[in-house]
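Please look over the sequence and the structure shown below before reading on. The briefing then goes through a few helices, sheets, cores and contacts in turn.

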There are 2 protein chains.
Amino acid sequence: MDERLARLCLATVAEPGHPAMAAAVSEFPAAEVWAGLIEGPDGPLARRARLLQPAELAARTRATGQRFVVPGDEEWPSGLAALAGCEPVAQLSGEPLGLWVRGAGHLGELTSSAVAIVGARASTAYGDTVAAELAAGLSEAGRSVVSGGAYGIDAAAHRGALAGATPTVAVLAGGLDQPYPSGHGALFSRIAEHGVLVSERPPGEHPTRVRFLARNRLIAAITQGAVIVEAAVRSGARNTITWAQVLRRVAMAVPGPVTSATSVTPHRLIREAEAVLVSSVAEVLELLSPLDGGVVRPVGERRPTDELSADELRVFEVIPARGSLGAGEAALRSGVAVPTCLALLNALADRGFVDQCDDGSWRLVRRERRAAV
Amino acid sequence: MDERLARLCLATVAEPGHPAMAAAVSEFPAAEVWAGLIEGPDGPLARRARLLQPAELAARTRATGQRFVVPGDEEWPSGLAALAGCEPVAQLSGEPLGLWVRGAGHLGELTSSAVAIVGARASTAYGDTVAAELAAGLSEAGRSVVSGGAYGIDAAAHRGALAGATPTVAVLAGGLDQPYPSGHGALFSRIAEHGVLVSERPPGEHPTRVRFLARNRLIAAITQGAVIVEAAVRSGARNTITWAQVLRRVAMAVPGPVTSATSVTPHRLIREAEAVLVSSVAEVLELLSPLDGGVVRPVGERRPTDELSADELRVFEVIPARGSLGAGEAALRSGVAVPTCLALLNALADRGFVDQCDDGSWRLVRRERRAAV
C-alpha cells in the first residue's frame with residue numbers, strides 16, 4: 001500500500017495524539033504498520049482497521065473537498081516536527097500521521113509565521129473585541145491567525161482576521177465536513193475561501209474531549225506563539241498554553257478587569273510568569289520577532305534568525321527591542337534554565353545577535369549594527 | 001535650642017527630600033545646623049531661617065491639632081530609616097527631618113504592616129471599585145492602607161479602608177491645615193478620627209510638584225508594598241512604584257481592560273516585570289507575608305521573619321505560599337542578582353524558612369512544619 005494511503009488509514013483508526021502509533025510510524029514505513037495491524041493479533045485497533053475501506057475513505061476525503069497532507073509534503077507545517085518526542089501533556093503527544101486540509105490557502109506558508117489566539121467559549125464583549133482587534137492587526141502585519149472553531153474567542157479571532165490581509169487557519173477537532181458547532185458552517189466556508197481548515201480526524205467524525213485536547217497541541221505546534229484572551233478557572237485554552245510552553249512557543253496572555261471571571265486564567269498565567277502580558281498587536285509582534293520591530297515581512301522571506309536553533313531562538317526572542325534584560329530574567333521569560341540561558345546568550349553574542357551591557361545585562365544588536373559588523 | 005524645635009525649624013525652611021539638609025542633620029545635631037544657618041553666610045535658606053519665628057511655628061502646629069514627630073519618637077515609622085542613604089529618585093532622597101501628624105491614630109503602629117494603594121486622579125469607575133475593595137479587604141485583614149489625598153484612586157482607597165477594621169493613613173504634600181484638594185476636607189477629618197494625616201510640610205504650606213514627588217517617597221517608605229491600581233502613561237503614581245523598587249518594597253499592579261488608557265502603566269509595569277500582577281486582597285497579602293497566609297495578626301506581635309535581614313526578607317517574600325520557585329525566578333521577582341539570591345536562599349534554608357525541592361526549586365517551610373523541626 002502507498003505510504004500516504006497507509007497514513008490516511010492509520011490516522012483514521014487511531015485516535016490523535018496516540019503516542020504508540022506516532023512512535024511506530026516514526027520507526028517503520030506506515031504501510032508496514034498498517035499491514036501489521038491488519039494481519040496481526042486481534043484488538044480494538046485491528047478490528048477498526050479490518051473494517052476500514054481505504055479506497056472509499058480516500059474518495060470521501062476528495063468528495064468533501066479535502067486533501068490529506070503528510071510529513072514531507074510541501075504544505076506540511078514545519079512546526080509540527082516539534083511534537084516528535086516532546087513531553088506529553090495529558091498523555092497526548094506525537095507528530096500527527098497526516099492532516100485533512102480544506103481550503104484555498106497553503107497550510108505550510110500560512111503557518112510559517114502564525115500566531116494562535118485562543119480563549120473561552122463563554123467570552124465577554126470585551127474579550128471578543130480584543131480578540132478581533134488583535135487578530136485583525138496580526139493579519140494586517142502578515143501573520144496568519146490560528147484558532148479553533150468554537151464560539152467566543154475562537155470565532156472573534158477568525159472574524160477579526162478575515163477583515164485583515166492574511167488568511168486564517170482553523171484547526172478543528174472533528175471531520176471538516178462536520179461543522180462543529182453547526183452554527184459555524186458559514187464562518188468555516190469563509191475561512192476556506194482564502195485560508196484553510198485543518199483536522200487530524202477524517203470526514204464524518206465528531207469531536208470528543210480527547211480530540212479537543214489533541215487538537216490543542218496542533219494549534220500550539222504550528223504557531224510561533226499563543227495568546228490567551230479570556231479564560232475562566234477551568235479552561236481548554238489553558239491546555240493550549242501548556243502546549244505552547246512544552247513546545248517552547250511564546251506564551252502570551254491578555255489582562256482584563258480583575259472583576260471578570262473570564263480573566264482569572266490569563267491573570268494567573270501572567271502572575272506566575274507562565275505567560276507574558278500583551279495589550280496590543282505591537283507587543284505581540286515584538287515578542288515574536290524583536291528584530292523585525294513589527295515590520296510586515298513577505299511570506300517565505302528568509303530572516304537572519306532562521307539560522308538559530310529552537311533554544312537559541314527562544315532566548316533571543318525574550319530580549320526586548322529596547323533596553324536590556326538580565327540573564328536570570330531572560331531564563332525566566334524563555335523558560336530555559338539559568339545556566340543554559342547564559343550559555344545560549346553567549347552563543348548568540350558570538351554570532352552577533354546580542355551583546356552584553358556594562359552592567360552584565362543583555363541587549364539586542366540591531367540589524368543595522370549587525371550589518372555593519 | 002531643643003533638638004525637636006530645631007528639626008521643626010529646619011524642616012520648615014528646607015524643601016522635603018533636600019539631600020544636603022538630610023546629610024547635615026545625620027552628621028550634626030539639628031540645633032547646631034540651625035545655629036549655623038542663622039549665623040552663617042547669606043543665602044535663600046539662611047534668609048528664610050532668619051525670618052522664621054520658632055515659637056510661633058510650634059504654637060501654630062499645636063493650634064491646628066498637629067504634633068511634630070521626629071526620629072527616635074515611639075510614633076516614628078521604622079520604615080523611614082530606609083530613606084537614609086538610599087539611591088535618589090528625581091534628585092530627591094533622605095529620611096525626613098520630622099513629620100507633622102494629625103489624628104487619633106498611632107503613626108508607628110499603623111505603619112508597622114501597611115500597604116500603599118496609589119493611582120490616577122482621573123480614575124475610572126472600575127479603578128475606584130477595585131481600589132476601594134482592595135483597601136477594605138486589607139483593612140479587614142489588619143493592614144492599614146496608606147495613600148495620598150487626591151481625587152480618584154487615593155480617595156477610593158481611603159473610603160474603602162474607612163469601611164474596614166484598621167485605620168488609614170493619608171500622606172499629604174502640603175500643610176495638614178490646608179486640605180488639598182479642598183473638597184477632601186471632610187474625608188481628611190474622617191481619616192483623622194481613627195487614623196492619621198501626615199505631612200513633611202508645616203501648617204500653612206501648599207503642595208507643589210516637588211513636594212508631591214518627595215511625598216511619594218514617604219508613602220513607599222512607610223509601607224511594605226505598593227499597589228498601583230490605575231495610571232495613564234504619564235503618572236505620579238509610577239513615581240511611587242519607583243520609590244517602592246528603590247526601597248525594596250513589594251511593587252504590585254492591578255491589571256485592567258487593555259482598551260483603558262488608565263491601565264497602560266500597570267500593564268507596562270507587569271509586562272516589564274517591574275511589578276507583580278495582583279487581582280485580589282489574598283494575592284496582595286500572600287506577596288507581603290507568604291508565611292502568614294493572610295491571617296490577621298495583632299499590631300505589634302513579633303513575626304518569625306522579623307529576624308531576617310532586608311535582603312533575606314525580600315527573597316523570602318517572593319517564595320509562593322503554594323508550589324515552588326526556581327532561583328532564577330526568585331531573583332527576578334525579588335530584584336536581587338541571581339548569585340546573591342542563591343546565597344540568600346541557602347541562608348534561609350539553613351534557618352528553616354525554605355527548603356529545596358528535588359527539582360532544585362525552592363518552597364516555603366510552613367510554620368507548623370518549622371515549629372516541629
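This is a predicted model: local features need pLDDT of at least 70, side-chain atom pairs count only at pLDDT 80 or more; totals for chains, interfaces and linings use all residues.

- Helix α10 of chain A is mostly covered, since 10 of its 13 residues are buried, and among the buried ones are A:R211, A:L213, A:N216, A:L218 and A:I219.
- The elements that cover the buried residues of α10(A) include the strands β3 (115-118), β4 (145-147), β5 (169-172) and β7 (225-228), together with helix α11 (236-246), which belong to chain A.
- In chain B, helix α10 (residues 209-221) lies across β3, β4, β5 and β7 of chain B, and the helix runs at about 155° to β5(B).

**The sheet of chain A**

- Chain A has an open sheet of 9 strands with mixed pairing, and the strands follow the order β1-β2-β6-β5-β4-β3-β7-β8-β9.
- The edges of this sheet are formed by β1 and β9 (276-277) of chain A, each of which pairs on one side only.
- Although A:R67 and A:V198 are 131 residues apart in sequence, their C-alpha atoms are 9.8 Å apart in space.

**The sheet of chain B**

- Chain B also has an open sheet of 9 strands with mixed pairing, in the order β1-β2-β6-β5-β4-β3-β7-β8-β9.
- Its edge strands, β1 (67-69) and β9 of chain B, each have a single partner strand, so one side of each is left without a neighbour in the sheet.
- Strands β3 (residues 115-118) and β7 (residues 225-228) of chain B run parallel and are joined by 4 bridges, and B:V115 stands opposite B:G225 in β7(B).

**Nonpolar cores**

- The largest nonpolar core has 191 residues, and those with the most contacts inside it are A:L10, A:I117, A:V227, B:L10, B:I117 and B:V227.
- Leaving aside residues up to four places away in sequence, the residues that B:I117 touches include B:A131, B:L134, B:V145, B:I153 and B:V227.
- Another core lies apart from the largest one and has 39 residues, among them A:V338, A:L345, B:F316 and B:I319.

**The contact between the chains**

- The contact takes 20 residues from chain A and 20 residues from chain B.
- On the side of chain B that touches chain A, at least two residues each come from α7 (125-140), α12 (264-271), β9 (276-277) and α15 (327-334) of chain B, and α15(B) gives the most, with 4 residues.
- By class, the side of chain B that touches chain A has 13 nonpolar, 5 polar and 2 charged residues.

Note on methods. Residues are numbered from 1 along each chain as its sequence is written. Chains are lettered from A and ligands numbered from 1 in the order in which they are written. Two residues are in contact if their C-beta atoms, placed from the backbone, lie within 7 Å. Ala, Val, Leu, Ile, Met, Phe, Trp, Tyr, Cys and Pro count as nonpolar, Asp, Glu, Lys and Arg as charged, and the others, Gly among them, as polar. A residue is buried if 20 or more other C-beta atoms lie within 10 Å of its own, exposed if 12 or fewer, and partly exposed in between; C-beta atoms are placed from the backbone. A nonpolar core is a set of buried Ala, Val, Leu, Ile, Met, Phe, Trp, Tyr and Cys residues joined through C-beta atoms within 7 Å. Two strands pair if DSSP finds at least two bridges between them. Axes are lines fitted to C-alpha atoms, for helices over the stretch in contact, and angles run from 0 to 180 degrees between N-to-C directions.
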